[in-house]
Amino acid sequence: MAQQFVQATIKGDKVVLFIKPTCPYCVMAKDVLAKYKFKPGHLECVDISGRSDMDSMQEYFLELTGARTVPRVFIGKDCIGGGSDVAALDKSGKLVSLLESIGALQ
């Protein structure tokens, strides 16, 4: 069930963050992405804390991305990593082109 939820959520041309609100790296990723102007519906935050399938979801992240930690940030179907990865991509100027490549920006 967790796998199907993750696959259905990351389908399409949007950015998806799987987060836990108390995690500082999740806050970092959200803050970096908040600087960009997304088209409506092209940025989605999914709070996995408190979900009954949270552990199986994190196990699936491990299988899918090589890490089970949050945030797991997807641009389209590609996982770009966690909070520090998003910050590094932003700093290097590569994040904007990834976002443009899926047509997520206004």
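This briefing describes the helices, the nonpolar core and several single residues of one structure. The model is predicted. Its largest nonpolar core has 33 residues. Helix α2 has a buried side and an opposite face with exposed residues, while α4 and α5 pack at an angle of about 100 degrees.

**The nonpolar core**

- Within the largest nonpolar core, the residues with the most contacts are Val15, Phe18, Leu95 and Leu99.
- At least two residues of this core come from each of α1 (2–9), β1, α2, α3 (54–65), β3, α4 and α5.
- The element that gives the most to this core is β1, with 5 residues.
- As a general background, nonpolar side chains in soluble globular proteins tend to be buried together.
- Leu95 touches Val32, Leu33, Tyr36, Ile75, Ile80, Val86, Leu89 and Asp90, when residues up to four places away in sequence are not counted.

- Helix α2 spans residues 24–33, and its buried residues are Cys26, Ala29, Val32 and Leu33.
- These residues lie on the same side of α2, because they cover an arc of only 130 degrees around the axis.
- Pro24 and Asp31 are exposed and sit on the face of α2 turned away from its buried side.

**The packing of α4 and α5**

- The axes of α4 and α5 are 5 Å apart, and the angle between these helices is about 100 degrees.
- An angle of 65 to 115 degrees counts as roughly perpendicular, so α4 is roughly perpendicular to α5.
- On the α4 side, the contact is made by Val86, Leu89, Asp90 and Ser92.
- On the α5 side, the contact is made by Lys94, Leu95 and Leu98.
- Sorted by class, the contact of α4 with α5 has 4 nonpolar, 1 polar and 2 charged residues.

**Lys14, between α1 and β1**

- Lys14 is placed in the loop between α1 and β1.
- Its relative accessible area is 17%, and buried means under 20%, so Lys14 is buried.
- With neighbours within four places in sequence left aside, Lys14 is in contact with Thr9, Gly41, His42, Glu44, Phe74, Ile75, Gly76 and Ile102.

**Leu62, in helix α3**

- Leu62 has its place in helix α3.
- This residue is partly exposed, with a relative accessible area of 37%.
- Not counting residues up to four places away in sequence, Leu62 touches Ala67 and Arg68.
- Leu62 and Arg72 are 10 residues apart along the chain, and their C-alpha atoms are separated by 9.9 Å.

**The loop between α3 and β3**

- Thr69 is found in the loop between α3 and β3, and Pro71 lies in that loop as well.
- Thr69 has a relative accessible area of 48% and is partly exposed.
- The C-alpha atoms of Thr69 and Ala29 are separated by 13 Å, and these residues are 40 residues apart along the chain.
- Val70 and Pro71 are joined by a cis peptide bond, with omega about 0 degrees.

Technical notes
Residues are numbered from 1 along each chain as its sequence is written. This is a predicted model: local features need pLDDT of at least 70, side-chain atom pairs count only at pLDDT 80 or more; totals for chains, interfaces and linings use all residues. Side-chain values use heavy atoms; hydrogens and water are left out. Buried means under 20% relative accessible area, exposed over 50%, partly exposed in between (1.4 Å probe, protein chains only). Helices (H or I, at least four residues) and strands (E, at least two) are DSSP runs, numbered from the N terminus. The arc is that of the directions from the helix axis to the C-beta atoms. Axes are lines fitted to C-alpha atoms, for helices over the stretch in contact, and angles run from 0 to 180 degrees between N-to-C directions. Angles under 35 degrees count as roughly parallel, over 145 as roughly antiparallel, 65 to 115 as roughly perpendicular and the rest as oblique. Contact means heavy atoms within 4.5 Å. Ala, Val, Leu, Ile, Met, Phe, Trp, Tyr, Cys and Pro count as nonpolar, Asp, Glu, Lys and Arg as charged, and the others, Gly among them, as polar. A nonpolar core is a set of buried Ala, Val, Leu, Ile, Met, Phe, Trp, Tyr and Cys residues joined through side-chain atoms within 4.5 Å.
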